[in-house]
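Dear colleague,

I am passing on the structure below, and after it you will find my notes on what came out of the analysis. Please read them with the model open beside you.

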Amino acid sequence: MTTVWMTFLVAALLLPFYRVIAGPTVFDRMVGVGVIGTKAVILLCVIGHTYARLDMFLDIALAYSMLNFLGVIVVSKYLEPGEPQL
Amino acid sequence: MSIWIGSGMVTLGIFFSVIGSIGVIRLPDFYSRTHAATKPDTLGLMLTILGLAVLEGITLSSAKLLLIVLFVALGNPTATHALGRAALRSGVKPWTSRGDKA
């Protein structure tokens, strides 16, 4: 069962790489990067449940979700023209 | 019983994740791609991780899983909203069905 879950999750993680490579604007690429980050958090938790080491993988997943959020926020504030509204 | 509920929630969440990835590829412009990147993606993560918490039982690990769910449910739509506003302010045009640039 967990092998099927991990197979579909890896497929869902590899699909947005098309959008990262071939996106027309840089915002499309950032949407793809955000989707890949969320799928990576799910995949880390499922891997931890598969190998019965969930407590070890959870800290990595939590840190990665925060890093993904901050990365997308920082890039969108960097690309926004004019004075950034916080 | 909790094994069936947790496995069903994880399977449904992975289904929504695959749907979100297909939507990011297939939808026609940036704003509809933010729709596919936010809603099915967040719902898939919440269902998957709550299902893993149901499978895990009441431990410290399930508390950390609930913390991940809370953080992503707050953070992911906020990040995509900021990205959409940056795209609107820098002049990305929305797609229309007639093919003309609105």
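In the contact between the two chains, 40 residues of chain A meet 39 residues of chain B, two residues being in contact if their C-beta atoms, placed from the backbone, lie within 7 Å. On chain A, the helices α1 (2–14), α2 (17–22), α3 (26–50) and α4 (54–79) each supply at least two residues of the side that touches chain B; helices here are DSSP runs (H or I, at least four residues) and strands likewise (E, at least two), numbered from the N terminus.

This is a predicted model, in which local features need pLDDT of at least 70 and side-chain atom pairs count only at pLDDT 80 or more, while totals for chains, interfaces and linings use all residues. Residues are numbered from 1 along each chain as its sequence is written, and chains are lettered from A and ligands numbered from 1 in the order in which they are written.

Chain A has 4 helices and 0 strands, and its C-alpha trace spans about 50 × 25 × 10 Å along the principal axes.

In chain B, helix α1 (residues 2–26) has 25 residues and reaches 36 Å from its first C-alpha to its last, close to the 36 Å expected at 1.5 Å a residue, where the expected span is 1.5 Å times one less than the number of residues. What covers the buried residues of α1(B) includes α1, α2 and α3 of chain A, together with α2 (30–56) of chain B; a residue is buried if 20 or more other C-beta atoms, placed from the backbone, lie within 10 Å of its own. Among these buried residues are M9(B), F16(B) and V24(B).

Methods. A residue is buried if 20 or more other C-beta atoms lie within 10 Å of its own, exposed if 12 or fewer, and partly exposed in between; C-beta atoms are placed from the backbone.
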